[in-house]
Each structure stands twice: as structure tokens, then as C-alpha cells.
Amino acid sequence: MQNRTLEIGVGLFLLAGVLALLLLALRVSGLTLGAGEGSYKVYAHFDNIAGLTVRSKVTMAGVTIGRVTAIDLDRDSYTGRVTMLLNQEVDNLPEDSTASILTAGLLGEKYIGISVGGEEAVLSDGSVIHDTQSSLVLEDLIGKFLLNSVNKE
Amino acid sequence: MSAENPYAVELKGLSFKRGERDIFKSVDLSILRGKVTGIMGPSGCGKTTLLRLIAAELKPSQGEVWVNGVNLPTLSRAELFDMRKQMGVLFQSGALFTDLDVFENVAFPLRVHTKLPEEMIRDIVLMKLQAVGLRGAVELMPDELSGGMKRRVALARAIALDPQILMYDEPFVGQDPIAMGVLVRLIRLLNDALGITSIVVSHDLAETASIADYIYVVGDTRVLGHGAPDELMRSEDPRIRQFMQGTPDGPVPFHYPAANYRDDLLGPR
Amino acid sequence: MRRTSLLERVRLFGRAGIDVVATLGRSVLFLLHSLLGRTATGNGFQLLVKQLYAVGVMSLAIIVVSGVFIGMVLSLQGYSILSQYGSEQAVGQMVALTLLRELGPVVTALLFAGRAGSALTAEIGNMKSTEQLSSLAMIGVDPLKYIVAPRLWAGFISMPLLAAIFSVVGIWGGAMVAIDWLGVYEGSFWANMQNSVSFREDVLNGVIKSVVFAFVVTWIAVFQGYDCEPTSEGISKATTRTVVYASLAVLGLDFILTALMFGDF
């Protein structure tokens, strides 16, 4: 009889442990099973992606519509190539939409904002966004500002 | 091997070192089958070590340990554990498993080594406990037993698998006279009734001499002498005489080796 | 009184070094003998269940209580710092990442070493000093397989689960403080957390960490018990050694693992 309570105790413990792992996976890390379904890939080239990381948000009008899945350097054009996964429901983005790297607040994280273009053709799996705006780099900005003031004199 | 060889256990040229210190140097010792053999000697001379060497719990640095025609130091770990089924050891403290009750303690060797049905195990356990006079204590836990009773339960456990060789490590230490008398009688009784070879390691002279058929006296890394108890009593060897008669000073000196006493007290610091 | 010459000191130092190496080697052999080869005679599964109870279930209370408090403290501290930058919503992210990556595995391992590890050492040491281990060996049952192996496995299995439970109750405690007490908006608390916590990077790495810690802590605890001087003084020394060595090993390994997992080189 005592053996029975012991077994039940151990069983409950194991269940609690597995449940905790599941909670961590689903509730805390927001892991969605079968990700990749219901989404399509779009590429964009940026002159400077400074600060953008994998898993950064992709937004449109402030609504998250996807996330960055890979960042690598394009050897031919010397630009940063960003791979994004966009939700399948947002399948009507014109081909000439603009992707820009934005900052949440003054010091917050970087994310990609997409603003709508005017063409008929829409982005589909594997298309490339050509119109891009790079990350704002503070050093460049200061450099430009200084150059301007020197030129004025 | 077994039937013709009159010795159940033979040590040949056995040496054992602990660190740098010699515990035994080239010891030869033979134990007759079916007899009670005492191994005696002053405390700290390595009697228990000798027992552990026979049980192959320790490996000798040199020499052979033959038990029932098998040289133990050459066996693998697994073979050794199989071999141990033929031996039983009664440890000084009894060494009962504290989380099991008396019944389960005695049943333990049967459960792990046999596939007997439950009723059979029950019968065997009760028979073994009856032999040591503790059938009534079957439901008690080890911490509810007195020291003497613990040893008797441990004895029942040691004979559960009907071993051929039974070893006792200091069975008389810390026992009241009644418990001691019971144990002496039990050792002799089990030896004769079951035809076991018994090895009793002890420094209690009177009790050991009263049950042993043959006695080895060890000390100072070797066997000092051996013979039947009354032979040893009459021995002329000063070391054996000192031990058998319990005189404080003799070949085994009262003083631990030290510098000159006078120099130590009055000499320069 | 006794003066030691320089040569003698060098000799002693060398001997101490050799002793350390020998102990290390002994502990590896001990582990191999316990885990490999023939399994325990008798019902191995029953033994494992018993040890899972003693090692895992009995540690549950301390893990849960510490987890809740640590989560609550993290939330309070995080809030007071983050609110200076106006980013209180990030408190969920901070609590979750801290717990999953570091505090979950590490604090669980430290508590486990103190609670279950010391108990394992004392229990096995006690069995050794009362000759129960010898007597098992004499019955023909390998104490490494019968006593040691189930305890090792129980430790290996329990600790990652305990660490997961620790993180979950910690996050729950943190959420309680942040949302109900400090008034962080519930939606952004969880959304921020889910956006920044990655399953592979954070959750899995945390689990890997606690598996490594489980292995090391249980190994140290069981070996110290098995290898101790079989006297009451020896057992108490071994118990202390378990807690000290295990804690140091956990903290040192944590640095190495963190550098490997999250360091960018």
C-alpha cells in the first residue's frame, strides 16, 4: 500500500516536470508547432542592417505580420540579405513595397517596417523587396552633419 | 578439487599493503572443510583485513587466495559476485539493511538470486529465523532490535542461501554474556548441523577457544602460530604465550616505539 | 615541533597532486562500473522509482518555494530598473530569460546539491560505515549496480524536470508581482516574453545546462558517499565536500556553458 503512494508521487512528479517543459515551450517561448506552414519567404537587401537580429519583428502599420529568420551577407552586391517569413494572410503586398529598418523608441530593438507600394503585382514566396531603407547609424548621421557644417563655411 | 581437497580456503604466499605499510607479508594459511577455525590476534593486526581478503573484497598485492578450488584474485568482477553466493559473512555490526524489515532482510538474498515462489521464500525465511530463535521478530525493523538480535538476524540472512563457507567478523564484541553464549552455541550448532566451514575472526580468547577446532594466531604481518586450542595454550613461543595469557608486556611491547624517555623530558627543546 | 625541509614539502605537494589524479581516476571508474554492463539483480525499475521519490519528489517543495520567491524578486528588481527607461513591459522578457538561461538551471542545481546531494552522500556513507555495502557485496549483489546506479539515474532524470518546474513557477511568481501588483499590462507582459524567448536558444539551452549539472552534481554526491572514510567524521566531511565541490562545479561549468551557448565567437 505504501509502495502505491510512492509510485503515485513519482508519477505526479514526472508529469509535473513534463508539463513544465511543455509550458516553457508553448506559453513562454511562444513556440508554434508546425511553423513555416501558413507563411511565405521574402528577401530584402539592405546597405546596413546594423542592430537587426534573427527573430526581429516585421510590421506593417504597427501590426506584426512576420519575423526575420536569417541574415547573411550577399557576396556579390556587398549588401546584407535579410530573409523574412510573412504570414500567409497578408498575401496582397505590392511588389514595390518599401522595407525599412526602424527602431522601437530611441534605444529600443530594431525591427522591419513595410510600407505599401502601388503596383498590381504582389510579393510571393521567394520574391525580393528592392526598395529598402537601411538602419539609421548614429555615427554616419553625425559625420554628415559635421560635413555639412564644414561645407557651409 | 573439492571433494579430495580437505581445505576449503587456502592462502598461499599472500601479501597485502596499505599505502607503504605492510599489513601481511607472505602469509600461508589453510582452513579445513567442515571445521570451525579461529583467526586470532591483537586488535589492529589486520584480522578483519584477512577476512576481507578471503572474501575477495580486497585484492592482495601478491599471492593466491583459493576458495573451493578457485583462485579469487584472477576472477572478473561479475564472476566474483557469482562466487560470493557460496560464502556468507556476518559483519561486526550485523549490517542489516535499515530500510527493510527483518523478514525482507532475510528474504533479500533469496529474492535476488532465486526465482522461488513467494510461499517458498516465506517458508525458508521462517525456517532460518527459527534456527536463530527470532521467528517472532519477523515484522520488526532493524532499529527495534538489540545488538545481539541484529547479529542473529544477520546470521539468518547469511545462511539463507545455504553457503558452504561462513565467516564471522568479531562476533563477540560488545555483547552481554547471555548474547555471547547464544552466539557461541549458534556458531557451533550451524557448523555441525549444516556442514558449513566456519571462520571466526576474533580477539576474544575464551569464547573462540571454546568453539574453534583449530586456531591461527596472526600478528606482526604474519602467522605467529597455529594449532588446536589446547596445543596453543601450552605453546612455548613467547609471542603466542603473551597473547594467550594476556600479559601487558612481552615481545609485543607495552610502549609504542619512542625516543629515550629521559632525553625527551630533560633534553633541549 | 616537527620541522619540514623544503624537499619534504615538495614531496608532500607532489603526493597531494598524485592523490587528486588518483581520486579523479577512481571516480571515473566508479561511474563506468555503475552505469555500464550488467544491470542490478532484482527489480531495477522498482529501485529507480524509490530513488526518484527520495531524490526528486522530496526536493520539490524547496524548488517550488524558492522558484516563486526568486521570480517575484526578479520582477520587482527588473521593474524598478526598467521603469526608468519607460520599458516596464519588458519585465516579462527579463524574468523569463534570466530564469530560463541562468537562474533556473543554476539555482536548481545548487539547491539540489544541498538538499538531495548531501542526503545521498550521507546515506551511502552511512551504508558504508555500517557495512551494508560490504554485506550486499557478500550476498553477491554489486552495490554499484544495486545502490549507486538507481541513485545516479534518479538524479539525472529529476534535476532537469526540477529546473523546468523552477522556471515555470518562477515566471508565474514574476507575472503575479508584475501584473497584479505593479500593474504591468498583462498582454504586453506575455507578448514581450514570447517575442523574445526562443525555444531553441533559451529553453533548450537551459535544459541542456541542467542535464549537465544533474550529471555532475549527482556523480559528485554519490561518489563522495561511496568513497568516504567510513566513520561519522568521515561522513560529515564527505557531505560538506559534496556541497562545496558540487556548487563550485556548477558555477564553473555554468560559465563555460554560457560562453559556448550565448557567447558570440
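**Terms and basis of the model**

Helices (H or I, at least four residues) and strands (E, at least two) are DSSP runs, numbered from the N terminus. Two strands count as paired if DSSP finds at least two bridges between them.

The model is predicted: local features need pLDDT of at least 70, side-chain atom pairs count only at pLDDT 80 or more, and totals for chains, interfaces and linings use all residues. Residues are numbered from 1 along each chain as its sequence is written, while chains are lettered from A and ligands numbered from 1 in the order in which they are written.

**Chain B: overall form**

Chain B contains 10 helices and 10 strands. Its radius of gyration (taken over C-alpha atoms) is 20 Å, close to the 18 Å that the globule rule (2.2 Å times the number of residues to the power 0.38) gives for 269 residues, so chain B is as compact as a globular protein of that length. Along the principal axes, the C-alpha atoms of chain B fill a box of roughly 75 × 40 × 40 Å.

An unreviewed UniProt entry gives the annotation "domain: ABC transporter" for residues 9-245 of chain B. UniProt positions are given in the numbering used here, feature names are shortened, and annotations may be inferred rather than shown by experiment. Residues 9-245 of chain B are 38% helix and 26% strand, and the end C-alpha atoms of this span lie 29 Å apart.

**Chain B: an open sheet**

In chain B, 4 strands form an open sheet with antiparallel pairing, in the order E2-E1-E4-E5. Strand E2 (21-32) and strand E5 (70-71) of chain B each have a single partner strand and stand at the edges, so one side of each is left without a neighbour in the sheet. Helix H1 (residues 47-54) of chain B packs on the sheet, where it touches strand E1 (7-18), E2 and E4 of chain B. The direction of H1 makes about 120° with that of E1(B); axes are lines fitted to C-alpha atoms, for helices over the stretch in contact, and angles run from 0 to 180 degrees between N-to-C directions.

Strand E4 (residues 62-67) of chain B pairs with E5(B) in the antiparallel sense over 2 bridges. Opposite B:Trp66 stands B:Asn71 in E5(B).

**Chain C: helices and annotated spans**

Chain C has 8 helices and 0 strands, and its C-alpha atoms fill a box of roughly 65 × 55 × 35 Å along the principal axes. The unreviewed UniProt entry places the feature "transmembrane region" at residues 12-32, 52-74, 161-183, 203-222 and 243-262 of chain C. Among them, residues 52-74 are 100% helix and 0% strand, with end C-alpha atoms 30 Å apart. Residues 243-262 of chain C are likewise 100% helix and 0% strand, and their end C-alpha atoms lie 27 Å apart.

**Contacts of chain C**

Residues are in contact if their C-beta atoms, placed from the backbone, lie within 7 Å. The contact between chains C and A takes 23 residues from chain C and 19 residues from chain A. H2(C) gives the most to the side of chain C that touches chain A, with 7 residues. This side has 16 nonpolar, 5 polar and 2 charged residues, where Ala, Val, Leu, Ile, Met, Phe, Trp, Tyr, Cys and Pro count as nonpolar, Asp, Glu, Lys and Arg as charged, and the others, Gly among them, as polar.

The contact between chains C and B takes 14 residues from chain C and 20 residues from chain B. Here the side of chain C has 4 nonpolar, 7 polar and 3 charged residues.

How values were computed: Two residues are in contact if their C-beta atoms, placed from the backbone, lie within 7 Å.
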